[in-house]
Amino acid sequence: MNHAIRADKFLLDADRTTWHDETLWFVREKRDRAVYAVPEFQELRELASQIKDHTLSRLDLYLQEFEAAALANGVHVHWAADAAEHNAIILEIVRQQGATRVVKSKSMLTEECHLNPYLIKHGIEVVDTDLGERIIQFRDEAPSHIVLPAIHLKKEDVGDTFHTHLGTEKGESDPQRLTEAARQHLRAKFLAGQVAISGVNFAVAETGAVVVCTNEGNADLGVNLAKVHIAAMGIEKLIPRLSDLGVFTRLLARSATGQPVTTYTSHFTKPAPGREMHIVIVDNGRTQQLGRPDFRASLKCIRCGACMNTCPVYRRSGGHSYDFTVPGPIGAILSPNIDMKKHSSLPFASTLCGSCTDVCPVKIDIHTQLYKWRQVLGEADEIPASKKWSMKFMGRLLASPKAFALSGQFARKALRLLPHGLTHANAFNAWAVARELPEPPKQSFREWYQQQPQQIQQPAQPKVTA
Amino acid sequence: MSTSSRDRILAATQANKPAETLLPTVPDFGGEATPERFTAVLTSIGGTVVWLDGLAQLGPTLQQIFPDARNTASPLFPAAIPVDALTPNDILADIDLAVLTCEIGVAENGAIWLPEANMLHRALPTITQHLVLVLDHRRIVATMHQAYAQLPSMGGYGKFVAGPSKTADIEQSLVIGAHGARSLVVLLY
């Protein structure tokens with residue numbers, strides 16, 4: 001099943017699609033207001049881009065610097081080549097504690113590794129504590145956005161879900177009261193949590209610290225009430241210096257939601273006395289992406305979600321239509337690296353308008369990479385035959401002025417003479433599924449030009465003297 | 001844990017990394033480091049700023065803002081609940097007001113640096129129902145760059161706090177009081 005087919009399902013509810021579109025655009029507008037209020041914002045983007053480029057260019061050295069600093073801080077450091085190893089390491093840590101209750105704050109990496117089902121299968125209770133993530137965990141769904149995981153749902157959906165799982169009153173849909181119900185429910189989970197798992201926004205090589213940004217405070221509550229903290233991070237989360245956080249904390253929340261900063265920007269450097277802190281450093285395809293010169297810039301991503309909020313395709317197709325942990329434009333350039341066949345339709349889920357590139361706080365050339373993935377997918381024969389052959393045909397046609405003029409004549413006639421039902425038949429013409437073809441003109445521009453009187457004088461050429 | 005995975009990841013990273021580029025120097029962009037700016041931004045994100053006429057006014061001011069607070073925790077006055085790093089979770093859970101000293105205020109975004117040494121217990125600033133942070137107004141800086149420049153050592157744990165806990169995960173409706181403190185009052189002196 002490809003992106004377009006999954007998007008069709010989302011589009012069945014027109015009102016909801018419109019709401020989704022407008023709500024995300026509203027977030028994009030909030031982002032703009034926050035960005036315009038910072039005079040040096042474009043300089044910050046350039047600095048962030050250069051810091052990330054530099055970090056990738058010395059990544060092996062920074063990883064070792066980070067590891068050494070973390071070990072000196074009394075932190076256990078683990079390395080996982082892939083999702084399976086990541087999951088096994090975490091299960092082992094949980095088992096060593098004899099623990100059965102895990103609380104988790106937002107981590108796209110653990111989503112990517114499918115950690116929750118793995119732990120649950122092994123008898124561990126895993127509670128997602130970010131409100132949006134808890135909602136979709138109750139519903140057994142995947143997040144549809146990396147910053148706003150439940151943005152595909154309406155408050156009535158949440159009300160139904162909480163009625164079923166938390167016993168709130170039937171029909172209750174007030175966000176304030178629903179949030180309060182979740183607060184009470186999750187407070188008990190926080191207090192009982194034995195192991196807390198968090199993601200990582202930034203890992204500082206020089207100090208060995210991991211930085212976690214939340215608005216709800218769920219990472220701080222979970223980690224600081226449990227005996228053991230496990231922080232899971234991809235290798236690309238590194239930044240060299242503590243002072244680099246000055247750049248990234250100024251960009252992240254403004255780009256993500258238009259806030260000046262997240263409510264909590266928490267720096268976990270050492271475990272509290274008598275407690276444990278573990279960091280799991282994960283590859284899972286990232287070193288492979290680092291080795292692709294055209295696509296390695298995707299590793300600079302700081303997961304703000306701005307490219308999703310601005311994307312005209314994402315806003316109207318919903319995060320689930322991408323069927324990948326990270327949806328939207330950035331997901332469409334990350335996913336083919338993981339599985340080119342499965343995600344082959346995603347780089348085509350774009351108009352190549354370039355809005356994603358314009359808003360990216362670390363200046364990833366997202367739309368250029370989307371275009372380049374299309375070339376790679378074409379070469380690898382991973383595009384549908386109809387697309388492949390029609391592109392080949394169009395390539396030949398557009399390269400020949402004679403064939404182009406002839407087919408133009410033919411098309412203008414055919415469009416006038418053939419019945420609408422045929423020219424707009426969905427089976428033949430996917431373009432016309434939701435669009436009208438233009439009324440055919442009587443003649444082409446070239447035909448018209450040739451009929452014009454020839455007395456128009458060319459302007460005199462300036463004389464060139466030696 | 002696997003030593004071979006570590007070596008394989010490092011080897012692949014070394015083999016696949018691009019040619020080295022320079023690490024830029026981050027300039028100090030200057031900016032407005034005033035209590036007025038700090039107050040305006042923090043208020044816009046749900047916090048409250050109250051001027052304290054000297055630290056002696058702390059008690060009466062708290063009494064005025066939180067007349068019903070019973071289970072208080074603070075190193076600044078004889079609070080109802082003594083809290084230290086070993087206080088068990090069920091006692092922390094009952095605290096309704098924590099009053100702590102903080103170190104740096106950032107005018108551009110209303111963030112306030114709270115190091116572990118000032119927290120009594122790492123969980124206290126988030127598990128308390130309401131949080132009050134006491135800040136010397138001379139410690140207000142303009143930007144995050146300036147804040148980090150004043151933090152040479154991070155200690156074991158510390159955080160910037162910018163307003164009360166909040167969420168917009170249900171239909172993008174802003175709700176104050178998600179999991180952490182339901183309100184944040186900054187007392188400037």
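# Close-up views of a two-chain model

**Figure 1. Backbone at A:Arg303.** A:Arg303 is partly exposed, because 19 other C-beta atoms lie within 10 Å (a residue is buried with 20 or more other C-beta atoms within 10 Å of its own, exposed with 12 or fewer, and partly exposed in between, the C-beta atoms being placed from the backbone). The model is predicted: local features need pLDDT of at least 70, side-chain atom pairs count only at pLDDT 80 or more, and totals for chains, interfaces and linings use all residues. Residues are numbered from 1 along each chain as its sequence is written, while chains are lettered from A and ligands numbered from 1 in the order in which they are written. A:Arg303 belongs to the loop between α13 (286-290) and α14 (306-310) of chain A; helices (H or I, at least four residues) and strands (E, at least two) are DSSP runs, numbered from the N terminus. Although A:Arg303 is not a glycine, its phi is positive, near 60°.

**Figure 2. Backbone at B:Leu120.** In chain B, the loop between β5 and α5 (124-127) holds B:Leu120. This residue, too, has a positive phi without being a glycine, the value being about 70°. Most residues other than glycine have a negative phi. B:Leu120 counts as buried because 23 other C-beta atoms lie within 10 Å.

**Figure 3. The open sheet of chain B.** The sheet is built from five strands with parallel pairing, in the order β1-β11-β6-β3-β2 (two strands pair if DSSP finds at least two bridges between them). At its edges stand β1 (48-51) and β2 (72-73) of chain B, each of which pairs on one side only. Within the sheet, β3 (residues 97-101) and β6 (residues 130-135) of chain B are joined in the parallel sense by five bridges. B:Ala98 has B:Leu131, in β6(B), as its bridge partner. Helix α3 (residues 58-65) of chain B packs on this sheet and touches β1, β3, β6 and β11 of chain B. The direction of α3 makes about 150° with that of β11(B); axes are lines fitted to C-alpha atoms, for helices over the stretch in contact, and angles run from 0 to 180 degrees between N-to-C directions. Helix α2 (residues 35-44) of chain B lies across β1 and β11 (183-188) of chain B, at about 145° to β1(B).

Figure 4. Strands β4 (residues 104-106) and β5 (residues 112-115) of chain B pair in the antiparallel sense over two bridges. B:Ile104 has B:Trp113, in β5(B), as its bridge partner. The two strands form a hairpin with five residues between them, and B:Gly110 in the turn has a positive phi of about 75°. β5(B) also pairs with β8(B), in the antiparallel sense over four bridges.

**Figure 5. Strand pairing between the chains.** β9 (residues 264-268) of chain A pairs with β8 (residues 157-161) of chain B in the antiparallel sense, over five bridges. The bridge partner of A:Thr265 is B:Phe160 in β8(B). In total, 74 residues of chain A and 62 residues of chain B take part in the contact between the chains (residues are in contact if their C-beta atoms, placed from the backbone, lie within 7 Å). The side of chain A that touches chain B comprises 34 nonpolar, 26 polar and 14 charged residues, where Ala, Val, Leu, Ile, Met, Phe, Trp, Tyr, Cys and Pro count as nonpolar, Asp, Glu, Lys and Arg as charged, and the others, Gly among them, as polar. For the complex, the predictor gives an ipTM of 0.97 and a pTM of 0.94.

**Figure 6. The setting of the views within each chain.** Chain B contains six helices and 11 strands. Its radius of gyration is 20 Å, well over the 16 Å that the globule rule gives for 189 residues, so chain B is more spread out than a compact globule (the radius is taken over C-alpha atoms, and the rule is 2.2 Å times the number of residues to the power 0.38). Of the 189 residues in chain B, 46% are buried. The average pLDDT of chain B is 96, and 98% of the residues score at least 70; pLDDT is the predictor's confidence in each residue, from 0 to 100. Chain A has 22 helices and 10 strands, and its C-alpha atoms fill a box of roughly 95 × 70 × 45 Å along the principal axes. Of the 466 residues in chain A, 49% are buried.

How values were computed. Contact = placed C-beta atoms within 7 Å.
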